[in-house]
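I opened my notebook beside the viewer and wrote things down as I looked them up. Have the structure open and follow along.

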Amino acid sequence: TMATHQRDGRPLTGSSEAGIDYVDDDLLPQEPDLIFEAELLRNPNLPSLWSRYLDARKDATARRRYVIFERAVNALPGSYKLWYAYLQERYEAVRDLRITEAAYPALNNTFERALVTMHKMPKIWELYLNFLVEQQDVTSVRQTCNRALASLPVTQHDRVWTIYLGFIRQDGVPVDTARRVYRRYLKFEPGHAEEYIEFLKTCGRWDEVAERLAIFLNDETFQSLAGKSKHDMWLELCEIVATHPEEVNCLDIDSMIRGGIRKFTDEVGRLWTCLADFYIRRGLFEKARDVYEEGLATVITVRDFSLIFDAYTQFEESVLSAKMESAAEGALDVETENNSDGNNSGTDFLLTDSGDDLDLRLARLEFLMSRRPELLSSVMLRQNPHNVHEWRKRISLFEDDPARQVVTFTEAVTNVDPSKAIGKPHSLWVDFAKFYEIHGDVENARIVFDKAVRVPYSTVDDLATVWCEWGELELRQQNFGGALSLMRRATTEPPRSPGLRQKKSELLPVQDQLFKSLKLWTFYCDLEESLGSLDSAQAVYNRVLDLRIASPQVILNFALLLQEHKLFEESYKVYERGINLFKFPHCREIWQAYLKDFVGRFGSKKLERARDLFEHCVAAVPSKESMPFFLEYARLEEEHGLARRAMDVYERACKKVPNDEKLELYELYVSRAMDSFGVSKVRNIYEAAIGQSLPDGVTKVLCTRYARLERKLGEIDRARSLYTHASQFANPQQESDFWEEWNQFEVRHGNEDTFREMLRIKRSVSASFSQMHFNMATIELPSRAVEAGNVHAPAAPKFQENEALEESMAELERGGLSDKIEGFVKAHTEGGGTGPADGENPDEIDIGDEGEEGGAVREEIDVEQSLLPESLFSHDLEAGARDEGAGALDRFKRQKL
């Protein structure tokens, strides 16, 4: 009820609904109220005036403020601002009170009065609903929420549903009421169905959860707000029906999970375990075992197999442990009953059986564990039934069970397609036949081979291997005639239709190509050599050659066979046929055997024929393989022919062999020429070799060897000229051995001029190599800089080095030394040069110009440099004649003394 007032504004009685007994003296206007009261008498319908009045009286008591609020909303019942401020203040005042206080019903009435005019304001409804939720009045909350939903527009219903759903999730709210509220909410927000499912899970309504999930899975337009896919919801549904089988009655669980197994192939193992778990929870253990066995027999991945097998073993172990515990707790006292009835002969077994099958269950578990390798092999073969390696592994699993091995062999050769096989499919047939042979059943082994040779293998070699293995079987059984007949049957060319010609693009079956298998013919040739006659073996070899499928080894075997039977000319004809069939390098072994056999047999008897053979061979052989044949040719001429022809062979060989073999061949050539013709021939060989365009290294070595020869013969000038000629190919920084050898030569056989000339040549050659390297570096530097995109000017030290090098070269040129010395040049004689300049001693020996190049001489001789009197150098012609034959070392020592 509303408080009553007199017409003049003086309060008469208090309001019982507010829970406050107003005292007239306390409610009378005071001095600060008079200004606002006067204004209100003039204009009571101004909301701002009431707001300023309430703001000014913030320090007033609650009862005084409530009276002012009541007067304001009475004067302005449509003011949202006044009603909301009034209700908010009243709500804050009763929040800390007990729910049994009278202020709660009074405030409820105030909310109801406010909603008479404020029913379109969502904030008023939210405040009222929150206040009712705190009171835990289910009926009031439900009815008020319904009124709010009916009063507010649909665009603002989410505000009400937020409070409504939060309330029904609280404890104490009936589940049926909450379910009905959620169903209404799903009509407003159908996409939030997953929230309803989660709520049902918390309530334990698994039947409805499964039903809702099934509806979502069947709805192609459903989109999960939680981001779940159909696959995730399938797995969730399977988990629910498997873990709560007694509560889910709305679905056909078995058909549903099997449908998921067919649809979601990546979770097959998990779904099979869910189906088995469903039957286990319902107590159908045998049905669960059937499910496990079916799953193990159908999965195709090792991961799914491991998942199902582990769950299966865990199930058996749990059943076994439970049985052991129950047997230990509830064992029957059978012995007492037997003692009480001694006349019982066992006819009451069914009455006294306790159902103790512990041993049976333990044996079942052990049998399951022992089957694991076999089951895993089945999984691998279901992945690819054409995997030969897996079939062989599976066969090895049944080594102790021949019957199972026969069955497995039969399955393997039946299921493996040779065109799709991984591995060698023919090995299965061969192993199958050998299995029968090992167990003494040769007839069945022959039957297996007879079927194996009809299989359309992918390659001819596989079929030839089967035929060869069949022949080996007959040989092991001492059936030699049967082995030969098999080979004749296998190598028979199949008939061709005269009116049809096979195109090259069309592939013949391997059975029609078998007669050209070299492997089969080789085996046939071995059999004929061992078991047949010479004529039959020759016929087989000739057939191989006619088919043009022979290999060099077949040629050699055929020739060896003929030689063993003293048919040498026939063997030579075979060699000739092999040479015509093959080219180098395939015919290298044929030529070697042919030449060796011919020369070894005839020697000098048929020398011209042997020469023709060698000429034919060296004309056909490539240069990189020609050296052994030339050496054999030369050996033939040395032993049975003419030495002059041997020299011609060596000369031709030196022109044909590769550069890396020429030095070795020249060494042999020179040694043979020295033995047969002497020094003159050797000099001609060296001069011809040096005159050719050989690599620099080879020319240098040949010149050095030639120089050593001339030094042994006493031809010092010729040796010096050879050293001079070879020096242009020897870099002093790399070929120190050459320069050391020349240095020792000059020390022993030269004089001051020749030694100085050697040093100058060495400096000149070193400068020429340095200049060449410098020019190459100068050319490469700009190109590399351009490639890198960073071109800079060369550094100052490079210019200085170039200038110093040019100066040294100019100085050498002024000394009269040329950069290149060609041909044989005589050594200088003492005193043969131009006269000395004025003021110089003509007899002075200048040994200080060597610089660093003469370091080796200084270390050996230890020459001191000092100024000597001129009188020491006044020698007569006889002393000069004595010094002419002495070496530089003796003269240096004499000068020092």
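**Entry 1: a pair of helices**

Which residues in α37 meet which residues in α39? I found N659, L663, Y666, E667 and M674 on the α37 side, and V698, V701, L702, R705 and L709 on the α39 side. Sorted by class, this contact has seven nonpolar, one polar and two charged residues. A reminder to myself before going on: this is a predicted model.

I then looked up the geometry of the pair. Helix α37 covers residues 659-676 and helix α39 covers residues 696-712. Their axes come within 10 Å and cross at roughly 20°. Angles under 35 degrees count as roughly parallel, so α37 is roughly parallel to α39. The crossing of α37 past α39 is right-handed.

**Entry 2: the whole chain**

I stepped back for the totals. How many helices and strands are there in the protein chain? I noted 46 helices and zero strands. The protein chain has 897 residues, and buried residues make up 40% of them. I also looked at contacts between residues at least 6 apart in sequence: 57% of these join residues at least 24 apart.

**Entry 3: a second pair of helices**

Next I took helix α22 (residues 388-396) and helix α23 (residues 402-415). Their axes come within 9 Å and cross at roughly 170°. Because angles over 145 degrees count as roughly antiparallel, α22 is roughly antiparallel to α23.

From α22, the residues I listed are W391, R394 and I395. They meet Q405, T408, F409, E411, A412 and N415 in α23. The residues of this contact divide into four nonpolar, three polar and two charged.

Is D304 buried or exposed? D304 sits in helix α17 (residues 302-329). Its relative accessibility is 4%, so I put D304 down as buried. Setting aside residues up to four places away in sequence, I found D304 touching T265, D266, V268, G269 and V299.

I went on to T273, which is in helix α15 (residues 268-281). T273 has 14% relative accessibility and therefore counts as buried too. A polar atom of the T273 side chain lies 2.6 Å from the backbone oxygen of R270. Apart from neighbours within four places in sequence, T273 is in contact with L307, I308 and A311.

I picked F614 in helix α34 (residues 607-620). With 1% relative accessibility, F614 counts as buried. What does F614 touch, not counting residues up to four places away in sequence? I wrote down L595, V599, F629, E632, Y633 and L636.

Then I turned to Y524, found in helix α29 (residues 518-531). Y524 is buried, at 6% relative accessibility. Not counting residues up to four places away in sequence, Y524 touches L484, M487, R488, T491 and V540.

**Entry 4: backbone items in the loops**

I kept the backbone for last. Most residues other than glycine have a negative phi, and most peptide bonds are trans. That gave me a reason to note the cases below.

Which peptide bond is cis, with omega near 5°? I found the bond from F584 to P585. P585 is in the loop between α32 (568-581) and α33 (588-602).

R548 has a positive phi, near 60°. This residue is in the loop between α30 (534-546) and α31 (552-564). With a relative accessible area of 62%, R548 is exposed.

K566 also has a positive phi, near 65°. I placed K566 in the loop between α31 and α32. Its relative accessible area is 62%, so K566 is exposed.

Conventions. Residues numbered from 1 in each chain as written. Predicted model: local features only at pLDDT ≥ 70, side-chain atom pairs only at ≥ 80, totals over all residues. Heavy atoms only, no water. Axes fitted to C-alpha atoms, helices over the stretch in contact; angles between N-to-C directions. Helix = DSSP H or I, 4+ residues; strand = E, 2+ residues; numbered from the N terminus. Parallel < 35°, antiparallel > 145°, perpendicular 65-115°, else oblique. Left-handed = near helix turned anticlockwise from the far one by under 90°. Contact = heavy atoms within 4.5 Å. Nonpolar A, V, L, I, M, F, W, Y, C, P; charged D, E, K, R; others polar. Buried < 20%, exposed > 50% of the residue type's maximum accessible area, 1.4 Å probe, protein only. Polar contact = N/O pair within 3.5 Å; in protein donor to acceptor, adjacent residues only side chain to side chain.
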